[in-house]
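Dear colleague,

The model comes first, and my notes on it follow below.

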Amino acid sequence: MYTIRPQYLFYLTLCFIVVIITLIICTIGMTVQKKRRLLRKDKIAGQVSEWLAETVLEDDRDAAVKGAFNIPGNIQVILRKKKALDIVLDELILLRKSFNGSAGYNLEKLYRQLQLNKLSLRKLQSRRWHIKIKGIQELASMKQEQHLNNITQYINHSNQYIRTEAQTALVRYWGYEGLQFLDFTDYPVTEWQQLNLMHLLLQQPAINDAPIGKWLNSSNASVVQFALKLVAEERDSRHYEAVIQCLGHPNEGVNVQAVLCLGQIADTSIIKTLIVHYKNANEMMRIAIVNVLEKTGTSRGLSFIRKKSTTDSEVVKLACLKHLQQHSITTRAM
Amino acid sequence: MKILIAEDEPLMLKTLALRLRKDGHEVITAADGRQATDYFLNADMDMVITDIMMPFASGLELLEIVRRRKDKKIPVIVLSAMGQENVVIEAFKLGADDYITKPFSPVELSMRVRRFTSAA
């Protein structure tokens with residue numbers, strides 16, 4: 001039988017106790033350090049908050065006359081420390097998310113005056129992706145036009161988070177103009193990112209000269225899909241022919257999106273084209289076609305759906321029946 | 001006018017309070033929903049400006065408490081973030097008088113408060 005010598009057990013227990021004590025000391029040390037850091041941050045934030053609030057609310061005209069904001073001596077002393085500048089930068093970015101108008105302008109001006117863009121640019125050099133992203137967000141939220149190239153260089157970054165953040169930043173702050181990245185992006189624009197960009201664009205004024213035609217012919221299928229969403233959203237029938245072409249695109253997602261887009265921009269004359277494409281379409285596209293046909297509400301479209309509700313695959317039949325039921329409810333209600 | 005501002009972002013709170021004080025209002029600030037509720041219940045406010053997302057109690061909960069008071073009609077302005085349209089509708093259902101979507105200009109808030117001041 002295997003036996004353990006008592007002194008081994010003693011040393012093992014001793015080691016275990018030492019490890020536990022070390023862990024406890026480390027945890028306490030880290031907690032104290034974190035607490036001290038937070039307290040220091042709160043102290044500095046408290047010291048500069050009054051001055052920041054005053055500066056943000058400064059009248060446009062006064063600021064224009066002065067050229068630069070007045071920084072009191074005591075604040076200048078605080079701002080000599082890099083830590084304080086980091087805290088001020090965080091505060092400015094937070095405020096910028098909440099304020100626009102003259103307050104937003106003052107925040108951008110103060111950012112430039114304190115040369116906080118240097119800190120943001122340094123973050124872009126970091127090897128850690130989340131710090132890089134922070135740098136991108138800071139430059140974009142402070143609308144640093146001169147550093148636009150610093151953001152644009154990341155639109156094709158291999159890291160998805162950095163890439164999408166750069167794309168989002170461009171669209172969030174430069175609206176439709178920011179969509180220029182679609183000309184160069186090699187990676188797929190994910191469904192989530194497309195939704196995000198559409199959401200941001202809805203808050204921006206639409207422009208007529210966005211090169212949607214070019215994006216509809218992009219070699220990147222996700223860019224074509226996104227362009228189709230833009231056409232559908234803006235009901236832009238100028239791209240009708242290009243959208244029809246997308247029905248024959250090798251990418252199935254593009255086909256489905258083209259059908260949905262046509263449902264938004266075309267009139268009932270599209271029924272014939274959709275029925276022609278139905279024959280060679282996959283299930284997803286067929287369901288999309290049935291969806292659009294039902295929306296047209298024409299007798300030709302409905303009789304086609306009725307026919308397919310008995311002859312197609314189970315999934316398509318189910319979709320057809322749902323649409324027929326929906327149509328009969330709507331008709332009865334009218 | 002005695003105004004209660006509830007906002008969990010300290011600098012934002014300070015800036016808004018300063019703006020309204022410059023307009024001549026008496027401003028009480030609360031850093032979270034619970035504090036705001038306490039202040040509201042213990043002082044006679046003429047107006048409430050509240051953020052929606054706050055720790056401990058949301059702006060909507062505060063709004064409900066404000067509307068429970070029947071002896072005085074207290075205007076409530078809700079500060080919402082972009083994409084919170086559903087919450088804004090909910091706030092109107094609960095009796096909010098106005099809302100501002102972030103980002104906004106403090107001058108705009110000042111003007112909206114003035115609208116209620118002149119109506120009072």
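**Backbone notes, chain B fold and interface**

B:F56 lies in the loop between β3 (47-51) and α3 (59-68) of chain B, where helices (H or I, at least four residues) and strands (E, at least two) are DSSP runs numbered from the N terminus. This is a predicted model, in which local features need pLDDT of at least 70 and side-chain atom pairs count only at pLDDT 80 or more, while totals for chains, interfaces and linings use all residues. Residues are numbered from 1 along each chain as its sequence is written, chains are lettered from A and ligands numbered from 1 in the order in which they are written, and side-chain values use heavy atoms, with hydrogens and water left out.

The phi angle of B:F56 is positive, near 70°, in a residue other than glycine. At 57% relative accessibility B:F56 counts as exposed (over 50% relative accessible area; buried is under 20% and partly exposed in between, with a 1.4 Å probe and protein chains only). In chain A, A:K143 also has a positive phi, near 45°; A:K143 sits in the loop between α7 (129-141) and α8 (148-152) and, at 34%, is partly exposed. The peptide bond from B:K102 to B:P103 is cis, with omega near 0°, and B:P103 is placed in the loop between β5 (98-102) and α5 of chain B. For context, most residues other than glycine have a negative phi, and most peptide bonds are trans.

Chain B as a whole has five helices and five strands, which follow the pattern β-α-β-α-β-α-β-α-β-α along the sequence. Its radius of gyration, 13 Å, is close to the 14 Å that the globule rule gives for 120 residues, so chain B is as compact as a globular protein of that length (taken over C-alpha atoms; the rule is 2.2 Å times the number of residues to the power 0.38). Buried residues make up 51% of the 120.

As for the interface, 17 residues of chain B are in contact (heavy atoms within 4.5 Å) with 20 residues of chain A. The two chains bury about 1600 Å² between them, 66% of it on carbon and sulfur atoms, buried area being the accessible area (1.4 Å probe) that two parts lose on being put together, summed over both. On the chain B side, B:L11, B:K14 and B:L18 lose the most area to chain A, together 32% of what that side buries. The side chain of B:K14 also meets that of A:E50 in a salt bridge (3.6 Å, N to O), defined as a side-chain nitrogen of Lys or Arg within 4 Å of a carboxyl oxygen of Asp or Glu.

Best regards
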